[in-house]
Amino acid sequence: MTRFGYTLMGEQSGPRELVRYAQAAEDAGFDFEVSSDHYSPWLVSQGHSPHAWTVLGAVAHATSRVELMTYVTCPTMRYHPAVVAQKAATLQLLSEGRFILGVGSGESLNEHVVGQGWPSVDTRQEMLVEAIEIIRELHTGDLITYVGEHFRVDSARIWDVPDSPVEIGVAVSGEEGIEAFAPLADHLIAVEPQVELVEQWDEARGAEGAEGVSRKIGQVPVSWDPDKDAAVQRAHDQFRWFGGGWPVNAELPTPASFAAASQFVRPEDVAGSIACGPDLDELAESVRPFLDAGFTDIAIVQIGDEQQERFLAEVAEPLLERMRALG
């Protein structure tokens, strides 16, 4: 059965609100919750970007059932992988085994802030491979020293290691990423519903003799509002960057860059790719491409903060019923 999740979108809500939404999403029946991990919002109009790991710690304490996940964190620039390994182990303990570490090669928007430049995509992928290796080794609880091309770890040990290992999901968008990361990660993360990704991922894991069930985790934005025009306008105001695609979005360094790149995107363009308005059947149908592609987990993004509480109180349960009927 497909699992449906709720997105804690830190770019559009403050930290206290996010914790409150997390509780409401659990009460509404979502199976898991994912959190973005940004230093900046994509657009100034979104207006927020609290520290994701601090929020997730509070959410782990405020919830009891839902799985939690970073979607995704970049363990190579803002954060050294040894630090990510420690944070992930701690969050697994706080959540009593409910955490999945979702990682990716990052976006310039968030990673350039530490003043180390922005490497080429090939270099970023190499760095992510080393980061996952380091995290895996540290999660054994052993004292490790690691010398790689991009990272060094000197006599490090994580002292509070959970009994259940932290599973790792990795964001990929093509065959090269699958070849690099399928042997290292447990789960696939992708923002495009491509059946080829799912098939290639399973083939690559099978060829490597990987064990365990591998989940395929996607994400779908919707803009619910009783007024369809208001829903479209909000989606355009806050999510018009969405159609740029990963190759573009990963390279833009500031919210001003995203505003410039999306300045000619019209409200009708956004409405053509994101389900907007009060029709729950239409909103539910937007997950079908991911279902058809074989994704096992789909996280929903309700765009904008202004209707978030009402969405969770009035819409989430009947929407979940419709999506589960499809899945």
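I began with the charged side chains and found Arg3, Glu67, Arg215 and Asp297 linked in a network of salt bridges. A reminder to myself: the model is a predicted one. I then asked how many salt bridges there are by this rule. The count comes to 18.

**Entry: Arg234 and its partners**

Next I looked up Arg234. This arginine makes a salt bridge with Asp225, and the closest N and O atoms are 3.0 Å apart.

**Entry: Asp186 with Arg136**

I moved on to Asp186, which forms a salt bridge with Arg136; their closest N and O atoms are 3.0 Å apart. Which parts of the chain does this pair link? Asp186 lies in the loop between H6 and strand S8 (187-189), and Arg136 lies in helix H5, so distant parts of the chain are linked, 50 residues apart. I put Arg136 down as partly exposed, because its relative accessible area is 29%.

**Entry: a negative patch**

On the surface I then looked for gathered charge. Asp122, Glu126, Glu149, Glu175, Glu176 and Glu179 gather there in a patch of negative charge. The elements giving two or more residues to this patch are helix H5 (121-138) and helix H6 (175-181). Which element gives the largest share? H6 does, with three residues. I picked out Glu179, whose place is in helix H6. Its relative accessibility is 54%, so Glu179 counts as exposed.

**Entry: a nonpolar patch**

I also found a nonpolar patch on the surface, formed by Tyr39, Val113 and Val114, with about 260 Å² of accessible area together. Tyr39 has its place in the loop between strand S2 (32-35) and helix H2 (52-62). With a relative accessible area of 51%, Tyr39 is exposed, since the cut-off for that word is over 50%.

Last, I went through the backbone. As background, most residues other than glycine have a negative phi, and most peptide bonds are trans.

- Tyr71 and Val72 are joined by a cis peptide bond, with omega at about -10 degrees. Val72 is placed in the loop between strand S3 (67-70) and helix H3 (81-94).
- Glu96 is not a glycine, yet has a positive phi of about 55 degrees. I found Glu96 in the loop between H3 and strand S4 (99-103). At 74% relative accessibility, this glutamate counts as exposed.
- Ser155, also not a glycine, has a positive phi of about 50 degrees. The place of Ser155 is in strand S6 (residues 152-156). I noted Ser155 as partly exposed because its relative accessibility is 47%.

Conventions: Residues are numbered from 1 along each chain as its sequence is written. This is a predicted model: local features need pLDDT of at least 70, side-chain atom pairs count only at pLDDT 80 or more; totals for chains, interfaces and linings use all residues. Side-chain values use heavy atoms; hydrogens and water are left out. Patches are made of residues with over 30% relative accessible area and no salt bridge: like charges are joined within 9 Å, nonpolar side chains (Val, Leu, Ile, Met, Phe, Trp, Tyr) within 5 Å. Accessible areas come from the Shrake-Rupley method with a 1.4 Å probe; for residues, only the protein chains shown count as cover. A salt bridge is a side-chain nitrogen of Lys or Arg within 4 Å of a carboxyl oxygen of Asp or Glu. Lys and Arg count as positive and Asp and Glu as negative; His and the chain ends are not counted. The place of a charge is taken as NZ of Lys, CZ of Arg, CG of Asp or CD of Glu. Helices (H or I, at least four residues) and strands (E, at least two) are DSSP runs, numbered from the N terminus. Buried means under 20% relative accessible area, exposed over 50%, partly exposed in between (1.4 Å probe, protein chains only).
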